[in-house]
Amino acid sequence: MGSRILSVESLSVKYRANPREIHALRDVSIGLERGSSLGVVGGSGSGKTTLCLSVMRLLPKNAVVESGRILLDGVDLLSLSEEEMRSVRGKRVSMIFQNPHTSLNPTATVEQHLLEVYELKLGMGAGEARQSAREVLREAGIDHPQDVLSKYPHQLSGGLAQRVLIALAIAQSPEVLIADEPTSALDAVATSRITSLLKKLCDRRGMSLVMVSHDLRTVLGLVDEVVVMLFGQVVERAPADRLLKRPLHPYTKLLVSAYRDVFWRGVVIRNGLPSNRGGCVFLESCPHPLDVCREASPPLFEAGCGAVRCFAYAR
Amino acid sequence: MVSARYLAKRLGSIALTVFFITLIAFFVVRVLPGDPAVALLGEDASPQELAAWRKKLGVDKPLMQQYVDWLRSLVRGDLGKSVFTGKPVIELLATRLPLTALLTIYAMALAIAISIPLGTLIAIRRGTWLAVALSSISLIGVSIPNFWLGIVLIMVFSVLLRLFPAYGFVSPLENPLRCLASLFLPALALASYAIGVLTRQVYSSVLEALSQDFVVAARSRGLPERVVLVRYVLRNALIPAVTMAAILVGYFLGGSILIETVFAIPGMGTMLLKSALSRDYYVVQGFVLVYALLFALSNFASDLLYTWLNPKVRYG
């Protein structure tokens with residue numbers, strides 16, 4: 001623990017989609033301590049992937065960063081040139097993706113994927129690169145690398161393909177690993193294996209982890225701190241154990257009760273974007289709305305070793 | 001990669017295709033009004049003279065027998081003789097085929113060399129005025145008939161600008177460089193349609209590849225943009241373009257007949273046209289057969305190439 005390795009400060013991102021604009025992130029701030037792990041939880045459309053891609057500066061062309069800073073070890077990534085950013089990607093911050101199969105080049109073997117990273121990014125010779133490729137695959141939990149190296153992505157199982165992506169992501173020894181729903185395309189067994197692999201890798205390498213998921217289950221037990229997102233906003237930030245024991249925001253309460261209770265007595269969360277009239281984004285689904293919630297969007301209030309975006313905790 | 005069984009199956013189907021082509025080539029040319037005797041002696045020759053010549057040329061026998069005789073000689077590798085010059089068809093092919101092949105390969109090379117960079121550029125610069133301008137130009141290629149374009153090219157580049165010779169074919173054995181120069185305009189005219197079609201194909205598949213997850217993932221590893229473009233985008237985007245290119249070989253073979261005529265190139269096309277007009281049966285049959293065989297083989301080659309490019313496809 002100690003210094004902040006990554007912090008996102010008041011980031012707002014919108015997508016230009018004719019005829020209207022979609023605000024994917026509104027004033028989002030997150031912080032990641034060196035060597036620690038952060039879970040980002042939220043439903044689909046909450047802005048999780050936009051947040052990840054913003055940090056990598058790989059947002060699609062129609063995305064506009066309106067305001068905010070993304071500091072990696074104190075340097076604002078948004079101020080770097082494309083060339084400087086290229087040396088950050090993979091080397092300092094890496095990312096793994098939701099669908100391992102579509103994230104690998106269908107026309108290249110596993111070995112070609114790895115060699116290209118070692119040769120082009122780390123300047124290794126062919127022999128050294130080949131050796132490193134075997135080692136990193138072993139580190140990603142593939143015990144017999146020689147069986148996998150000559151395979152094409154479509155010949156790999158989902159779990160194996162995700163391990164290959166993890167190997168590619170850690171090949172350049174990054175300080176931060178961003179995992180964007182790395183297990184949502186996998187079955188339950190593969191999910192728990194991949195999750196424990198990520199934990200082991202972070203511990204061994206001192207790597208900091210941002211774990212994104214729509215499911216509380218996959219991040220709890222893995223991360224130190226959790227950020228809950230809803231409609232592009234952070235609605236709660238808390239240490240993982242506190243969040244599970246005592247959730248504050250009504251949306252977090254729903255997530256936790258869903259997590260605890262398999263037979264979740266369905267509480268309906270209204271689909272789609274909230275009617276954006278300046279009130280709280282959760283207003284329409286909130287069990288105990290206050291008068292003020294209709295008029296103003298709540299700021300983040302400090303509460304319970306974290307923060308919560310709800311007027312019920314205003315002081 | 002490709003099993004022996006698959007190869008055997010494909011070659012067998014090519015043989016079957018060629019057999020059907022022999023039927024078409026033989027009967028279609030005989031359905032045409034007139035025959036070699038009329039073409040030789042003229043409309044007002046006496047019936048006795050015509051009958052004598054028909055007997056001499058062997059076209060008085062029943063059709064089925066003529067067909068079977070022709071097939072028999074084909075199996076022996078004999079394509080027959082020209083009714084008029086008496087030269088073996090195989091000899092005519094030997095002098096004419098290389099030129100048509102050269103023209104077709106030249107046109108294909110031009111089409112590929114122009115459409116891949118052009119289509120990629122339009123996809124990458126999508127939405128800019130440059131992309132709009134370039135894609136409009138490529139559309140022109142699709143919509144202009146190639147023989148007309150050939151005439152326009154002659155007028156502009158040969159007559160007005162005097163950059164290329166209008167006609168006067170130079171043999172590649174004589175002077176390879178001047179041969180390529182003399183074939184440039186015909187090859188360009190022949191390729192114009194293919195350039196348009198291929199550019200659009202490359203454009204749409206590059207655009208699709210650009211939005212794939214693996215491209216974002218490659219960038220997330222900080223790979224140089226050039227590597228992402230060539231290994232990730234183009235390598236995947238060119239798979240459908242290759243198939244398209246092979247289909248266009250057939251178009252080139254057909255188009256070359258007109259282009260050779262416009263540019264007075266002594267290839268298979270000019271010979272075929274001349275022979276068809278004079279009902280030189282065996283030359284027409286032989287040439288049509290060779291065109292069909294070339295087309296079938298180029299399709300086969302494209303399938304092999306497709307397997308080689310796309311590891312997901314394994315023919316069994």
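Hi everyone, one definition to begin: helices (H or I, at least four residues) and strands (E, at least two) are DSSP runs, numbered from the N terminus. What we have here is a predicted model, where local features need pLDDT of at least 70, side-chain atom pairs count only at pLDDT 80 or more, and totals for chains, interfaces and linings use all residues. Residues are numbered from 1 along each chain as its sequence is written, and chains are lettered from A and ligands numbered from 1 in the order in which they are written.

Let's start with two backbone spots in chain A. A:Phe231 sits in the loop between strand S9 (225-230) and strand S10 (233-239) of chain A. Its phi is near 50°, a positive value in a residue other than glycine. Is A:Phe231 buried or exposed? A:Phe231 counts as buried because it has 21 C-beta neighbours inside 10 Å; the cut-offs are 20 or more other C-beta atoms within 10 Å for buried, 12 or fewer for exposed, and partly exposed in between, with C-beta atoms placed from the backbone.

Now A:Arg57, in the loop between helix H1 (48-56) and strand S4 (63-72) of chain A. Phi of A:Arg57 is also positive, near 55°. With 19 C-beta neighbours inside 10 Å, A:Arg57 counts as partly exposed.

On to the interface. The contact (C-beta atoms, placed from the backbone, within 7 Å) takes 25 residues from chain A and 20 residues from chain B. On the side of chain A that touches chain B, helix H2 (82-88), strand S6 (93-96) and helix H3 (110-121) of chain A each give two or more residues. H3(A) gives the most, with four residues. Thanks, everyone!

Definitions and conventions
Contact = placed C-beta atoms within 7 Å.
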